[in-house]
Amino acid sequence: MTTASHKFVPWFDGSYLVLELTNRCPAACTHCIQKYRNTHEHFSISSDMDPKVIEKLAESAWSEGLYFDTLILFWLGEPLMHPRFNDIYTRLLDYNAKKPWFNKVEVHTNALPLGPAQRRAAVINQDVPAKWHISLDAVTRDTYRAIKGVDRLEEAEANTIKLLETRGKEKWPAIVFQMVVQDENAGEALKFAHRWKSIDEKKGRSCSTRGYTVPPDGNDYVFLRQLDALEPEDQAGADELYFKVCAEQGIPGPERTIKKIQGSRVCSGPWKSPTIGADGRMTVCTRDSSFELEVGKFEKSSNLAAAWWFGEKIETLRKAHLDGRKELPSLCRACPIPRSSNYTSISGSEIAWYRAWKTTLGK
């Protein structure tokens, strides 16, 4: 359901703001564009997001009435590699506790930079619901190396266990032990689930295995995540494998409805998921690693609400989505994500609300 926010801009259920704190990463996963970082333009310059820009963004979001269901501190780089991650994370949560502009926060990490300081930062603020997705993806050393491109499984596991110990009996963050299901690790899914459920339960937490989506509660989960293939032609095979692995673990599927675009035929990206790269460029989609759909650049003097809800580029892109697929950019026309369980849909009623809101503005 769509509703009005604090002042004059809309917000949508399931909306999420993505901040790429850094484009650097110690791994090069087969399912991530990082594996092409030596030749991909996104990584041509090593970038860390300016903390002053992040603070300005938080101030802008609140003052202009923006509100997001989730703040995601992750995109194509490993967020914990930002040299000031701990300060950024604690300040964002402290600020949100006083002036809420997001409902919950997610951090996605491979756990390799998860040292003592990062673990303390993870548990220091218990006022904001937080989920930390630990992307481990394997049980055996060979599989981990094949997927991650580095031979550091023992280190990642040890850091994850230390995070559980640092958290102790605190409620937040909830931990998600994640495996992106693919050819290399599908045979290890059962062992992966058993291993991390056992470890978590020994630390005093209940933990169950989920597929398709993670419930928005404070429990820990082993999450078998659907692969969003880098190449659209590989998606059908990846889907079939994923359905098979989930079925083997007794995880009921959504009756293959994920093979259809959910809700309306319009992608939710231009309405629900502003994605800001480490250099400040903003797009609408986490697949847009080359910023083909760039709708602005966020800097210390920028206004996020103006760029996201009233900018000329974002309005042109929304119109293309509303008018039909012939007008869509090529990246959108070939995109398989609206058929993925990782996709956040936008309903016909939400689109109708948006149209009515624009009408009231005389746009």
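Thr286 sits in the loop between β11 (281-283) and β12, and at 38% relative accessibility Thr286 counts as partly exposed. Here buried means under 20% relative accessible area, exposed over 50%, and partly exposed in between, using a 1.4 Å probe and protein chains only. Leaving out residues up to four places away in sequence, Thr286 touches Val18, Trp75 and Thr275, where contact means heavy atoms within 4.5 Å.

Before going on, a word on what you are looking at. This is a predicted model, in which local features need pLDDT of at least 70, side-chain atom pairs count only at pLDDT 80 or more, and totals for chains, interfaces and linings use all residues. Residues are numbered from 1 along each chain as its sequence is written, and side-chain values use heavy atoms, with hydrogens and water left out.

Now compare Ser60, which lies in helix α1 (residues 51-63). Ser60 is buried, with a relative accessible area of 3%. Apart from its neighbours within four places in sequence, Ser60 is in contact with Phe298, Ser302, Asn303, Leu304 and Ala305. Helices (H or I, at least four residues) and strands (E, at least two) are DSSP runs, numbered from the N terminus.

Next comes the sheet. Its 10 strands form an open sheet in the order β8-β9-β7-β6-β5-β4-β3-β10-β11-β12, with mixed pairing. At the edges are β8 (207-211) and β12 (296-297), each of which pairs on one side only. Two strands pair if DSSP finds at least two bridges between them.

How many of the residues of β7 are buried? The count is 7 of 7, so to speak a mostly covered strand. Ala174, Val176, Gln178 and Val180 point one way, while Ile175, Phe177 and Met179 point the other way.

Two helices complete the tour. Helix α3 (residues 116-123) has Gln118, Arg119, Ala121, Ala122 and Val123 as its buried residues, and these pack against α2 (85-98), β6 (130-135) and α5 (153-167). The axes of α2 and α3 come within 9 Å and cross at roughly 5 degrees. The two helices are therefore roughly parallel to each other. Axes are lines fitted to C-alpha atoms, for helices over the stretch in contact, and angles run from 0 to 180 degrees between N-to-C directions; those under 35 degrees count as roughly parallel. Phe85, Asn86, Tyr89 and Thr90 of α2 meet Ala117, Gln118, Ala121 and Ala122 of α3.

Finally, how far can each part be read? The chain averages a pLDDT of 89, and 92% of the residues score at least 70; pLDDT is the predictor's confidence in each residue, from 0 to 100. Over residues 1-7 the pLDDT stays under 50, and the model has 21 contacts beyond four places in sequence for them. Residues 256-264 are also below 50, with 25 contacts beyond near neighbours in sequence. Where pLDDT is low, the predicted coordinates should not be read in detail.

Note on methods
Parallel < 35°, antiparallel > 145°, perpendicular 65-115°, else oblique.
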